Amino acid sequence: MSMKTRFNAMAKKAAYAAGTPWAFGTAALAVVLWGCSGPVFGFNDTWQLVINTSTTIITFLMVFLIQHTQNADTAAMQIKIDELINATRGANNALLDLEELDEQALEELRKKYEELAREARDRMGRTRSDTT
């Protein structure tokens, strides 16, 4: 198994685990325990540094983990949408790679589809059907 495949499997499992109530409970308990230990350590700088460093490291790693899983989910969803466009008779196949267009081209297409939606609503008001 390649390193990329192992990372993908680990990232999915870790992202799933991080989103569970158990993970939240564990994190909340750690914060409570840290807070309760303040008087023992005299609320000193080292005591504060422990929580700051721990949360910074965890946050730093989670950013990459979440971005990886979001990229995979977005790619999968995009492929599914592309398949629906491709399989639909009469669909505009030029829309298959919208994510590759620049902002100006996307804005032009958005305006075009807003106008189509407005026309469909107008027709619907007259005929009670949104298809032509």
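Guide: Let's start with residues 46–66, whose end C-alpha atoms lie 30 Å apart, in a span that is 100% helix and 0% strand. Helices here are DSSP runs of H or I with at least four residues, strands are E runs of at least two, and both are numbered from the N terminus. It's a predicted model, where local features need pLDDT of at least 70, side-chain atom pairs need 80 or more, and totals for chains, interfaces and linings use all residues. Numbering runs from 1 along each chain as its sequence is written, and side-chain values use heavy atoms, leaving out hydrogens and water.

Visitor: Why is the pair of W34 and W47 called stacked?

Guide: Rings of Phe, Tyr and Trp (its six-membered ring) pair if their centres lie within 6.5 Å; planes under 30 degrees apart are stacked, over 60 edge-to-face, the rest tilted. W34 and W47 have ring centres 4.1 Å apart and planes at 5°, so they count as stacked. The pair joins helix α2 (residues 21–36) to helix α3, 13 residues apart.

Visitor: What makes F43 and W47 edge-to-face?

Guide: Their planes sit at 85°, with 5.1 Å centre to centre.

Visitor: How do you know whether W47 is buried or exposed?

Guide: Buried is under 20% relative accessible area, exposed over 50%, partly exposed in between (1.4 Å probe, protein chains only). W47 has 10%, so it's buried. F43, at 45%, is partly exposed.

Visitor: Why is N92 called partly exposed?

Guide: Because its relative accessible area is 28%.
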